[in-house]
Amino acid sequence: VGGRLQDVGPEQLAQHCRRDDAWLAIRGNVYNVTPYMNFHPGGVEELERGIGTDATKLFSQVHAWVNYDSILKKCLVGRYRPRSGEGS
Ligand code: HEM
């Protein structure tokens with residue numbers, strides 16, 4: 001909430017796969033989790049497993065009950081578009 005939201009495809013998502021530039025997708029939303037890295041209760045290395053990718057499955061396997069959308073409200077980048085370039 002605040003900035004403009006963008007459509008993000010797999011290629012663009014994959015470019016943000018470093019702990020100092022970390023995006024991931026969960027259930028259709030793309031988040032910039034860089035600021036959350038050091039606050040993740042499961043640690044940096046665990047969170048890193050999902051960055052640059054659609055981490056929906058991984059996230060759900062570990063803690064499907066966690067309210068990520070509330071935690072990452074300010075980190076929302078936009079919508080995940082698995083087939084980038086299509087739709088809007
Ligand atoms: C805890 C993994 C993403 C929020 C944990 C734990 C692991 C883990 C292993 C530790 C559980 C324990 O010590 O009992 C992962 C992996 C992720 C991921 C592999 C890859 C996508 C996220 C995201 C958020 C998040 C995106 C929130 C925005 C939390 C919270 C806990 C936690 C709140 C504490 C849960 C509790 O104690 O009930 N995570 N996590 N995690 N993670 Fe993640």
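Analyst: Happy to! One definition first: six donors count as octahedral if opposite donors are over 155 degrees apart and all others between 65 and 115. Please keep in mind that this is a predicted model.

User: What makes the arrangement around the iron atom of the ligand octahedral?

Analyst: The iron atom has six donor atoms around it, and the angles they subtend run from 88 to 179°, so the arrangement is octahedral.

User: Which residues coordinate the iron atom of the ligand, and through which atoms?

Analyst: His-40 and His-63 do, each through NE2, at 2.0 Å.

User: Why is His-40 called buried? And what about His-63?

Analyst: Buried means under 20% relative accessible area. His-40 has 14%, so it is buried. His-63, at 18%, therefore counts as buried too.

User: How do you know that Cys-17 is in no disulfide?

Analyst: A disulfide needs two cysteine sulfur atoms within 2.5 Å. The structure holds zero disulfides: for Cys-17, the nearest cysteine sulfur is that of Cys-75, 18 Å away.

User: Are these cysteines buried, partly exposed or exposed?

Analyst: Cys-17 has a relative accessible area of 43%, between the 20% and 50% cut-offs, so it is partly exposed. Cys-75 has 14%, which means it is buried.

Notes:
Residues numbered from 1 in each chain as written. Predicted model: local features only at pLDDT ≥ 70, side-chain atom pairs only at ≥ 80, totals over all residues. Heavy atoms only, no water. Buried < 20%, exposed > 50% of the residue type's maximum accessible area, 1.4 Å probe, protein only. Donors = N, O, S within 2.8 Å, 3.2 Å for Na, K, Ca; no water. Tetrahedral: all angles 85-135°; square planar, octahedral: opposite > 155°, others 65-115°.
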